[in-house]
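Q: Hi! Could you walk me through this one while I have it open?

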Amino acid sequence: MKILVTGGAGFIGANFIQYWLKKHPSDSIVNLDKLTYAGNLENLAQIKENKNYSFVHGDICDPKVVDSAFEKVETIVHFAADSHVDRSILDPDPFIKTNIEGTYVLLKASLKHGVKRFHHVSTDEVFGSLDIESKEKFTEKTPYDPRSPYSASKAASDHLVRAFHETFGLPITISNCSNNFGPYQFPEKLMSLCITNILEGKKVPVYGDGLNIRDWLYVEDHCEAIELILEKGAVGETYLVGGLTEDIPNKEAVSRILKLMEKDEKEIEYVKDRPGHDRKYSVDWSKIKTELGWEPKHSFDQALKETVDWYKNNEAWWKHVKSGEYKNYYKQQYSS
Ligand code: NAD
Ligand code: TDX
């Protein structure tokens, strides 16, 4: 099988390509990536010589580039996006362009080339925010209620993907997953920022009261869920994917990392809250468990330890990523 992966030089895409080629060595993968600040070919250094892997440097918003990348492709796994909520608050423009327009360009090309499956990787953030005390979880039937430019752009892309299925019969699947963590995550997201700041001897910025709750998913479990959806998922269906954490507030998640790194809570610095900060996400993943037999294999604490160890052992990777443009972003985001 030939798969076109978009955004494969980013965090989840790179983990997915490595995972897929290990499990399916006779498949071939084309990785279409614009290499924005978040795209990094060092994430794929291990497989760059693999004869079943090729890289196309290009923008998913460019119909010509997309058209040429589609040759003989049967399956699309669409990760490419602007993905960081705080950046969508500083400047929504690239989110509207890539996440909405880029997805539309890919959908049109998928119809034209008659692909057998378009899998769209989306987020639980499209469902909005739960109350902190609520026992409710997001399900596939939860109404959309996005509250940031990022989540609104992902919601729009989900609607377009479904519309292409209902109207034009494009064979799609969608997964909406919770917060991923693991190797190769750009250190703007809470987990990777926290671990690398501690390694650099810096404080960890926690927004507001630190009581916001996220559902944490180890990236390898996420890759396995996508694999099962491609192999056994029903066309037209959506699957929610989440982790094994139970309502852990951010300050508790950070404290667990600090403990693993033999530091204490004095390293936390409470900073100005994110505007429109969603209070809580919680994901009911019983549909993918019942229908496809998927469940996360990694406990939160074990996966956290593996993640901390990875960043400790890959200092050159994150030090390189944290140089250059990252410094300007960090100053703009955290200076006040
Ligand atoms: P990331 O920011 O690490 O990587 C995004 C990749 O897309 C980068 O390689 C970037 O260069 C590429 N890209 C951006 N704009 C592009 C364009 N116009 N054309 C081609 N390539 C482009 O993101 P991630 O964390 O790996 O997330 C991947 C996907 O998963 C996204 O669609 C995101 O919305 C979704 N998702 C992420 C999480 C999470 O916790 N990280 C959770 C739920 C859903
Ligand atoms: O410095 C920080 N301090 C802090 O307290 C950062 C960067 C984050 N936070 C908080 C905000 C959130 O409550 O930590 C929580 C997690 O923040 P992020 O890592 O920025 O993730 P989130 O905003 O929840 O979105 C993530 O999960 C869903 C990904 O960035 C999205 O791409 C994905 O769709």
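Q: What does the accessible surface of the protein come to, and what share belongs to carbon and sulfur atoms?
A: In this predicted model, the accessible surface comes to about 14,500 Å², and carbon and sulfur atoms hold 50% of that. Accessible areas are from the Shrake-Rupley method with a 1.4 Å probe, and for residues only the protein chains shown count as cover.

Q: Thanks! How many helices and strands are there?
A: The protein has 12 helices and 13 strands. Those are DSSP runs, numbered from the N terminus: helices are H or I with at least four residues, strands are E with at least two.

Q: What percentage of the residues is buried?
A: Buried residues are 56% of the 336. Buried means under 20% relative accessible area, exposed over 50%, and partly exposed in between (1.4 Å probe, protein chains only).

Q: Let's go inside. Which residues have the most contacts inside the largest nonpolar core?
A: Phe 16, Val 77 and Ile 257 do, in a core of 53 residues. Helix H1 (residues 11-23) gives the most to this core, with eight residues. A second, separate core has 21 residues, including Ile 60 and Leu 107. A nonpolar core here is a set of buried Ala, Val, Leu, Ile, Met, Phe, Trp, Tyr and Cys residues joined through side-chain atoms within 4.5 Å.

Q: What does Phe 16 touch?
A: Not counting residues up to four places away in sequence, Phe 16 touches Val 5, Val 77, Phe 79, Cys 223, Ile 226 and Leu 230. Contact means heavy atoms within 4.5 Å.

Q: Now Glu 227: buried or exposed?
A: Glu 227 is buried, with a relative accessible area of 4%. This residue is in helix H7 (residues 219-232), and beyond four places in sequence it touches Tyr 19, Trp 20, Lys 23 and His 24.

Q: Where does Gln 185 lie?
A: Gln 185 is in the loop between strand S7 (179-181) and helix H6 (190-199). Gln 185 is also buried, at 5% relative accessible area. Leaving aside neighbours within four places in sequence, its contacts include Phe 11, Tyr 311 and Trp 317.

Q: Switching to backbone: which phi does Lys 72 have?
A: A positive one of about 60°, although Lys 72 is not a glycine. Most residues other than glycine have a negative phi. Lys 72 sits in the loop between helix H2 (63-69) and strand S4 (75-78) and is exposed, with a relative accessible area of 68%.

Q: And what about the phi of Asp 247?
A: Asp 247 has a positive phi of about 50°. Asp 247 is partly exposed, at 29% relative accessible area.

Technical notes. Residues numbered from 1 in each chain as written. Chains lettered and ligands numbered in written order. Predicted model: local features only at pLDDT ≥ 70, side-chain atom pairs only at ≥ 80, totals over all residues. Heavy atoms only, no water.
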